[in-house]
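Work through the exercises below with the sequence and the 3D view side by side. Try each task before reading its solution.

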Amino acid sequence: KDITVVSWGTQLHVALDAAKVVEEEIGVSCEVIDLRTILPWDIDTVAKSVQKTGHLIITHEAPITSGFAAEISTKVQVVVPRGPIQAKGLLLSCIRNENPCIFFEPKLLYRAAVEDVPIGDYETELEQAEVVKEGKDITVVSWGTQLHVALDAAKVVEEEIGVSCEVIDLRTILPWDIDTVAKSVQKTGHLIITHEAPITSGFAAEISTKVQ
C-alpha cells in the first residue's frame, strides 16, 4: 500500500527480496509488479497501482528511461542517480514528493561506485541539474552511469587537446532542467549529450530539440 515497485526478468527476484526486507525492517508495504512485456508496456496496471500507493520505483537498466519519460504524465518525475550519495538524497526527495516518481537504479553502479554515504537525513533537489565540472568550450550533458564516462572523457580532452568541458548531471529526466543546460550552452556555444540509450528515440533527442 505504500510503494509500487515495477520490475521484470531476473531483477524481479531482487525486487521481491528487497520488498520483504523493507516491510520487515521499516514497515513499508511494497506492491511489486512484474511488467513482463516491455514494449508495449502495461501502463494501465502500473498507473492503477501508483494511484493507490502514491510512489513508484522501477528497478532495472537505465537505457529505457526515455520510453517511460515519453509515455507517462508530466506530473510524474523520472530520476536517475549517478552514485550512492546522490541516490539516497534523490530517493528521500522522491518519497516525500507529492507526485509519483520513477526512480531508476543503474545496476552497474552497485559495484562500480564507492562512496561514504552520510548517515543523517538529507534530500537532493528534484528537477535541478548539477554542474559537476565547470568549463568554457563545450557543454556535456549526461546522467546515471554515463556521467562518470563523461567526466573521464572531459579530463582526457582537456589534458590532450586543451578543450575545456562543462559537465552537467541532469539527475531528473522528467521534467528536466532546461534552464541550467541552456545557460551553459549560451556560454560554451556547443553541446554534447551522452547517455545509455538506443540510437533511435533516445532522450538526447528531446534535449537537443529544446536547446536548439
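**Exercise 1.** Which side chain meets glutamate 130 in a salt bridge?

Solution. The model is predicted.
- Step 1: The side chain of glutamate 130 forms a salt bridge with that of arginine 171, at 3.4 Å from N to O.
- Step 2: Glutamate 130 belongs to strand S6, while arginine 171 sits in the loop between strand S8 (165-169) and strand S9 (172-174), so the pair ties together parts 41 residues apart in sequence.
- Step 3: Buried means under 20% relative accessible area. Arginine 171, at 9%, therefore counts as buried. Glutamate 130 is partly exposed, with 26%.
- Step 4: Both residues belong to a salt-bridge network that links Arg82, Glu130, Asp169 and Arg171.

**Exercise 2.** Find where the salt bridge between aspartate 121 and arginine 96 lies in the chain.

Solution.
- Step 1: The two side chains meet at 2.5 Å, N to O.
- Step 2: Aspartate 121 is in the loop between H5 and strand S6 (130-133), and arginine 96 is in helix H4 (residues 84-96); the two are 25 residues apart.
- Step 3: Aspartate 121 is exposed, with a relative accessible area of 56%, whereas arginine 96 is partly exposed, with 44%.

**Exercise 3.** Sort residues of helix H1 into buried and exposed.

Solution.
- Step 1: Gln11, Leu12, Ala15 and Ala19 are the buried residues of H1. They lie on the same side of H1, because they cover an arc of only 100 degrees around the axis.
- Step 2: On the other side of H1, the exposed residues are His13, Asp17, Lys20, Glu24 and Glu25.
- Step 3: The buried residues pack against strand S1 (3-7), strand S2 (30-34) and helix H5 (109-112).

Conventions
Residues numbered from 1 in each chain as written. Predicted model: local features only at pLDDT ≥ 70, side-chain atom pairs only at ≥ 80, totals over all residues. Heavy atoms only, no water. Buried < 20%, exposed > 50% of the residue type's maximum accessible area, 1.4 Å probe, protein only. Helix = DSSP H or I, 4+ residues; strand = E, 2+ residues; numbered from the N terminus. Arc of directions from axis to C-beta. Contact = heavy atoms within 4.5 Å. Salt bridge = Lys/Arg side-chain N within 4 Å of Asp/Glu carboxyl O.
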